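Here are some notes to read alongside the structure. Please keep the view open while going through the points.

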Amino acid sequence: MAGRVFFFLQHATYEPAYQAASMGITAAAMGDDVYFVFAFEALRQLVRGSFGLAHSERERTEAARAEGLNVPTPARMLEEARALGARLVACDTTVRICGLSPQELHGTLDEVMGLASIWRLTEGARVLTL
């Protein structure tokens with residue numbers, strides 16, 4: 001039974017990015033409507049192209065192990081989930097708090113929307129925060 005799944009991402013180092021991206025691509029592949037909602041550091045890292053990069057020695061070791069196991073990077077899984085229909089979104093107020101404009105996120109995100117719209121979409125959905 002397909003449903004909606006929301007991943008609210010505030011952090012974007014390797015571990016939380018891997019968790020969100022791997023679960024998101026799995027949900028999308030299983031037919032769920034998947035939304036990745038980016039905020040604060042996760043949004044900034046996505047814009048910089050550094051989403052999912054390791055930021056500690058432990059994460060560098062984990063990322064190296066994953067590479068040895070031929071596990072895709074979090075950024076690649078996010079791209080593949082998007083190709084399966086997952087949507088990357090952010091709240092318009094959060095975008096502005098981060099010093100960005102909705103126009104400059106065109107292409108990076110699928111949509112910048114109001115918090116009320118995001119809230120309504122979560123009704124009846126599974127919601128995870130990372």
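How many salt bridges does the structure hold?

1. The model is predicted. The structure holds 9 salt bridges. Side chains of opposite charge can pair when their charged atoms come close. Some of the pairs are described below.

2. Helix α1, residues 14-29, packs with helix α3, residues 57-68, at an angle of about 40°, and their axes are 9 Å apart. That angle makes α1 oblique to α3. On the α1 side the contact is made by Tyr14, Glu15 and Pro16; on the α3 side it is made by Arg58, Glu59, Glu62, Ala63 and Ala66. The residues of this contact divide into 4 nonpolar and 4 charged, with no polar ones.

3. A salt bridge joins the side chains of Glu15 and Arg58, at 2.8 Å from N to O. Glu15 lies in helix α1 and Arg58 in helix α3, so this pair ties together parts that are 43 residues apart in sequence. Glu15 and Arg58 also belong, with Glu62, to a network of salt bridges. Glu15 is partly exposed, its relative accessible area being 27%.

4. Arg82 and Asp110 meet through their side chains in a salt bridge of 3.0 Å, N to O. Arg82 is in helix α4 (residues 74-83), while Asp110 is in the loop between α5 (92-97) and β4 (111-113), so the pair ties together parts 28 residues apart in sequence. Arg82 is partly exposed at 25% relative accessible area, and Asp110 is partly exposed at 33%.

5. The side chains of Glu41 and Arg48 also form a salt bridge, at 3.5 Å from N to O.

Note on methods:
Residues numbered from 1 in each chain as written. Predicted model: local features only at pLDDT ≥ 70, side-chain atom pairs only at ≥ 80, totals over all residues. Heavy atoms only, no water. Axes fitted to C-alpha atoms, helices over the stretch in contact; angles between N-to-C directions. Helix = DSSP H or I, 4+ residues; strand = E, 2+ residues; numbered from the N terminus. Parallel < 35°, antiparallel > 145°, perpendicular 65-115°, else oblique. Contact = heavy atoms within 4.5 Å. Nonpolar A, V, L, I, M, F, W, Y, C, P; charged D, E, K, R; others polar. Salt bridge = Lys/Arg side-chain N within 4 Å of Asp/Glu carboxyl O. Buried < 20%, exposed > 50% of the residue type's maximum accessible area, 1.4 Å probe, protein only.
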